[in-house]
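Here is a short report on selected features of the structure shown below.

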Amino acid sequence: MQQTLFPDFAKNTPMKAAYFDAFQHPLRIENLPDPEPPEDGVVIKVKATGLCLSDWHGWMGHDADISLPHVPGHELAGIVVAKGRKVKHWEKADRVTLPFCMGCGYCHQCQSGNQQICDRYYQPGFTGWGSFAEYVAVPYADQNLVRLPENLAFQDAALLGCRFITAYRALVAQAQVKAGQWVAVHGCGGVGLSAILIAVAAGARVIAIDILDDKLELAKKIGAVAVLNARKVDSVPEALTELSKGGVQISVDALGSSETCINSILSLAKSGKHIQIGLMTGKDNRPSIPMGPIISRELEIIGSHGMQAHQYPGMLELINSGRLNIQQLLGKTVSLEESLTLLENLNTSTQVGITVINRF
């Protein structure tokens, strides 16, 4: 049966993949050998995969986990086509997705339920070859694969990727967002829009901040009660304090710059929570944090890095019930070939919504 579904897999027919062998050099399409499943892992036929700014950081050489040559991609959904001999819970033809940071299942962090910060984590597209390919092999299958509901399309599952699950854990587990709270989201890219959607579903009042009006329009469309163009106000923290009548209870830096990080902290009400989701790289790697207000207002500074596989069911239930309409986050779908130039220019992209590769 499986050979009928995927006749080319492991039949000496090379798979197509996006590939680079030098940082910041043009990506290209290569024909590469089909991957083999690890003993504790599987090979997945990639049906859809998100195009994420983290992939751009990897291509730039900002991530120490990457060894060249490399295939990027980490926000995937697909079908199991092969499994290792130690895999117990998964079979060929299972529809799956997975968290981008895969826990080993045995270290202290995993044993405490925090697989997203595993001491021996595996990240497709970073520690190993990723999902900008027809097939991808991943380890730790029993601990990390997530079964997809039959009514959830692959391209919608790819939207969950790293951005949505990171935002979900940031708002639900880390910030413990509640109905009626004021929430500021700085940056309306994929993770920012995800944070807005999740906070709105929880009943919070969301203010979205960006420098592009079309992104702010989408933020309003998915439920933000107010928007701010950061280039059109004298002070973002002052504007947020005025809108929220004293400061927000939760503020999310969904971009990852010194400016957005500091604006986020300074916009908080007393006892407020700053959640850092956006990656801080280059000149923004060590921002000058305003410790005075952090102390005097008793603020909390919290990081959020992915989400555990065992936390997916609650999120998928909200999606299945219609309370979280993730389809609103989709910007466009593209082919693997089209993704090459898009990835190289993600840092300057004005694309609204999340781009998904669904044609290989």
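A residue is buried if its relative accessible area is under 20%, exposed if over 50%, and partly exposed in between (1.4 Å probe, protein chains only). Helices (H or I, at least four residues) and strands (E, at least two) are DSSP runs, numbered from the N terminus. The model is predicted: local features need pLDDT of at least 70, side-chain atom pairs count only at pLDDT 80 or more, and totals for chains, interfaces and linings use all residues. Residues are numbered from 1 along each chain as its sequence is written, and side-chain values use heavy atoms, with hydrogens and water left out.

Start with strand 9, residues 205–210. Of its 6 residues, 5 are buried, so the rest of the structure largely encloses this strand. Strand 9 pairs with strand 8 (residues 182–186) in the parallel sense, over 5 bridges. Two strands pair if DSSP finds at least two bridges between them. W182 stands opposite R205 of strand 9. Between strands 8 and 9 the chain passes through helix 6 (residues 190–201), and this β-α-β crossover is right-handed. Right-handed has a set meaning here: with the strands pointing away from the viewer, the path from the first strand over the helix to the second runs clockwise.

Strand 9 also runs parallel to strand 10 (residues 226–229), joined to it by 4 bridges. Here I209 stands opposite L228 of strand 10. The chain goes from strand 9 through helix 7 (residues 213–221) to strand 10, again in a right-handed β-α-β crossover. In a regular strand, side chains alternate between the two faces of the sheet.

## Aromatic pairs

Rings of Phe, Tyr and Trp (its six-membered ring) pair if their centres lie within 6.5 Å; planes under 30 degrees apart count as stacked, over 60 as edge-to-face and the rest as tilted. This rule gives 2 aromatic pairs. Why is the pair of Y19 and W129 edge-to-face? The ring centres of Y19 and W129 are 6.2 Å apart and the planes stand at 90°, so the pair falls in that class. This pair links distant parts of the chain, 110 residues apart. Y19 is in strand 1 (residues 15–19), while W129 is in the loop between helix 3 (108–111) and strand 6 (135–138). Y19 is buried at 12% relative accessibility. W129 is partly exposed at 34%.

F20 and F23 form a tilted pair, 6.2 Å centre to centre with 55° between the planes. F20 is buried, with a relative accessible area of 1%. F23 is partly exposed at 28%.

## Charges over rings

A charge sits over a ring if NZ of Lys or CZ of Arg is within 6 Å of the ring centre and within 35 degrees of the ring normal. K45 lies over the face of Y135, 4.9 Å from the ring centre. R95 has its charged end over the ring of F154, at 4.4 Å from the centre.

Q181 sits in the loop between helix 5 (154–174) and strand 8. Is Q181 buried or exposed? At 18% relative accessibility, Q181 is buried. A polar atom of the Q181 side chain lies 2.8 Å from the backbone nitrogen of K178. Contact means heavy atoms within 4.5 Å. Not counting residues up to four places away in sequence, Q181 touches Q176, A204, R205, Q249 and I250.

Y140 is in the loop between strand 6 and helix 4 (141–144). Y140 is buried, at 16% relative accessible area. Which residues does Y140 contact, leaving aside neighbours within four places in sequence? They are D40, G41, M102, G103, C104, R120, Y121 and Y122. G41 is 99 residues from Y140 along the chain, yet their C-alpha atoms are separated by 5.4 Å.

## Backbone details

The peptide bond from L68 to P69 is cis, with omega near -5°. P69 lies in the loop between helix 2 (53–60) and strand 4 (76–83).

A93 is not a glycine, but has a positive phi of about 85°. A93 lies in the loop between strand 4 and strand 5 (95–97) and is partly exposed at 31% relative accessibility. S271, also a residue other than glycine, has a positive phi near 65°. S271 lies in strand 12 (residues 268–276).

Notes. Polar contact = N/O pair within 3.5 Å; in protein donor to acceptor, adjacent residues only side chain to side chain.
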